[in-house]
Amino acid sequence: MSGNSLSFNVVELLTAVTAEEDDNVAVLLKGPQGAKGATGTIAVGTITTLAAGSKATVSNVGTNEAAIFDFGLPQGALGATGPKGATGATATIAIGTITTLAAGSKATVANAGTNEAAIFNFGIPKGDTGSALNATATDISNIPAGNITGVTVQAAVNELDTSITNVKKSLANYLPLAGGTLTGALGTTTITTTAPAARDNTTKVPNTAWLWGNIQSLVQNCIAAVATAAGFGILLNANGYFQFLSWLGGCVIQWGYDGSSGTYTFPLVFKTTCFQVVGCLYGGDGGKCSKNRMTPTSISTKGFTIPYAGCGYRYIAIGY
């Protein structure tokens, strides 16, 4: 020590203190407690895929107290091709429901089926309600001359007239057969039908009356043709006949009457023979007729006679 200064060899002092374990000297060398440090944090930042075969990397882009580690990880080498998978089901797409949504809402589409059999349900918003147009002929005539979006008013009117004419021509192509007419002004156009011809062969659309009438006629003609071909015949009259079908034997029953001629001709000539004629008297004869005088004679396929011609006679004949 010299003056007010104290000098010593620190190394020797520390060595002496350690050797002698002098607590007083140790207390003199201990400093004050420092402030509590901030709690350290660790977070993962970005993870970047590196080329296969390169080295992995990690770097702290934060601070020592708040570390943020960015990692670089090399991708693995390309592996061998795996086995072929089973063939999947054929996918299908179908439209399910279509729903009208409120104006201004967003269109929607939802799959109500599966990934393999999709069924799409659509929701389509309707348009906003437009403002009403209540224009009269006077309003239209008062429109000043000029252009409306590049088209003159007169040109627009002319185009409208042409469209109306074309619509009427198109409708005329579908008028009923034989005489339909198209009448009326714009907004009141009507189609008036008239009775069509029975065998009209045009390309126009027939009305129901034409169809029904021709169907009835066709059916009746077909039945008559089939019946005639099968040998059927009938005459419903005072002098008439009923001819059975050929596959029922072709039997014919005829009937008739005569006032006083005595000679009777059948309404239909029997093709083969007349089996029998049965008759009876009708009307007064003044007592002149007898059983023998009323018996049919000369019976043929065409007719017969009775001996007495002075009275009325009704008969039924059977043959084929």
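**Entry 1: the hairpin.** I looked up how β11 connects to β12 and found a hairpin of four residues between them. I keep in mind that this is a predicted model. β11 covers residues 233-235 and β12 covers residues 240-243. The two strands run antiparallel, and three bridges join them. I then asked which residue of β12 is the bridge partner of I234. The partner is F242.

**Entry 2: on to β13.** I followed β12 to strand β13, residues 252-258. They pair in the antiparallel sense, over four bridges. Here I picked out Y241, which stands opposite Q254 in β13. I also noted a general point: in a regular strand the side chains alternate between the two faces of the sheet.

**Entry 3: an open sheet.** Next I looked up a sheet of three strands. Its order is β4-β6-β5, the sheet is open, and the pairing is mixed. Which strands are at the edges? I found β4 (92-101) and β5 (108-111), each pairing on one side only. On average, neighbouring strands in this sheet are turned by 20 degrees against each other, direction ignored. I checked β5 against β6, residues 117-125: they run antiparallel, with four bridges. Within that pair, T108 has G123 of β6 as its bridge partner.

**Entry 4: the core.** Last, I looked up the largest nonpolar core and found 15 residues in it. Those with the most contacts inside it are F266, V277, F304, Y313, Y315 and A317. I asked which strands each supply at least two residues. They are β15 (274-282) and β17 (312-319). β17 gives the most, with three residues.

Key: Residues numbered from 1 in each chain as written. Predicted model: local features only at pLDDT ≥ 70, side-chain atom pairs only at ≥ 80, totals over all residues. Heavy atoms only, no water. Core = buried A, V, L, I, M, F, W, Y, C linked by side-chain atoms within 4.5 Å. Buried < 20%, exposed > 50% of the residue type's maximum accessible area, 1.4 Å probe, protein only. Pairing = 2+ DSSP bridges. Axes fitted to C-alpha atoms, helices over the stretch in contact; angles between N-to-C directions.
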